[in-house]
Amino acid sequence: SFRAMLRQDMAYFDEKENSVGALTTRLATEATLVKGVTGDTLGAATLATSTILVGLIVSFTGCWRLALIVLAVFPFMAIGSYFQMKMMSGFDSGAKKNFSSSGAIASEAVDNIRTVAGVGIQDLWINRYGESLLGPLKKGRKSALVTGIAFGFAEFSLFGLWAIAFWVGAKFIENGQCTFVGLMKAVTGLLFAGF
């Protein structure tokens, strides 16, 4: 980007959108974006992919039947985790907007504290402030309930997945379809893969 910028003709720099500040900002943001895509993000994606693949290979070599059953049940856990992340990321997203009116009331009362105290209307301002918090409180309770249900489903699906894995694994050992060592390899591989 820098090389391409330096090779532009003089008319390019005379344009309003190509001022020194705009070009410097563009260089700074583009370099960060390129680093994010090629550096940390690419490394994390490669690490996650290789970890999942190695874990699945280990689990399939340990007890392929159990690995297939866990893979069949895994989408429920993934859906639960998705909802949990979605709810947790959106839990406080509207807090600034929800509390703006109460903040304005508090700010106005503090700015005019001499008048408020002189006239003796502190209780009026306290009541107005309390009433402005009723809406955010109601929204917060609803959001907390939905987030709690999503979190509960995610935890239930995770522990349910492991309960099914160990129960089915025990049945496979009992029937001679899998050894204890194979079961432990499968479970370790699945844990390594992020299940």
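Reader: How many residues are in the protein chain, and what share of them is buried?

Author: Buried means under 20% relative accessible area, exposed over 50%, partly exposed in between (1.4 Å probe, protein chains only). In this chain of 195 residues, buried ones make up 22%. The model is predicted: local features need pLDDT of at least 70, side-chain atom pairs count only at pLDDT 80 or more, and totals for chains, interfaces and linings use all residues. Residues are numbered from 1 along each chain as its sequence is written, and side-chain values use heavy atoms, with hydrogens and water left out.

Reader: How many helices and strands are there?

Author: Helices (H or I, at least four residues) and strands (E, at least two) are DSSP runs, numbered from the N terminus. The protein chain has 9 helices and 0 strands.

Reader: Which residues touch the most other members of the largest nonpolar core?

Author: In soluble globular proteins, nonpolar side chains tend to be buried together. A nonpolar core is a set of buried Ala, Val, Leu, Ile, Met, Phe, Trp, Tyr and Cys residues joined through side-chain atoms within 4.5 Å. Here the largest has 16 residues, and Cys-63, Leu-66, Val-70 and Phe-172 touch the most other members. Helices H3 (20-90), H8 (134-174) and H9 (180-192) each give two or more residues. H3 gives the largest share, 6 residues.

Reader: Is Ser-132 buried or exposed?

Author: Ser-132 is buried, because its relative accessible area is 13%. Ser-132 sits in helix H7 (residues 122-132).

Reader: What does Ser-132 touch?

Author: Contact means heavy atoms within 4.5 Å. Leaving aside residues up to four places away in sequence, Ser-132 touches Ser-101, Ser-102 and Ile-105.
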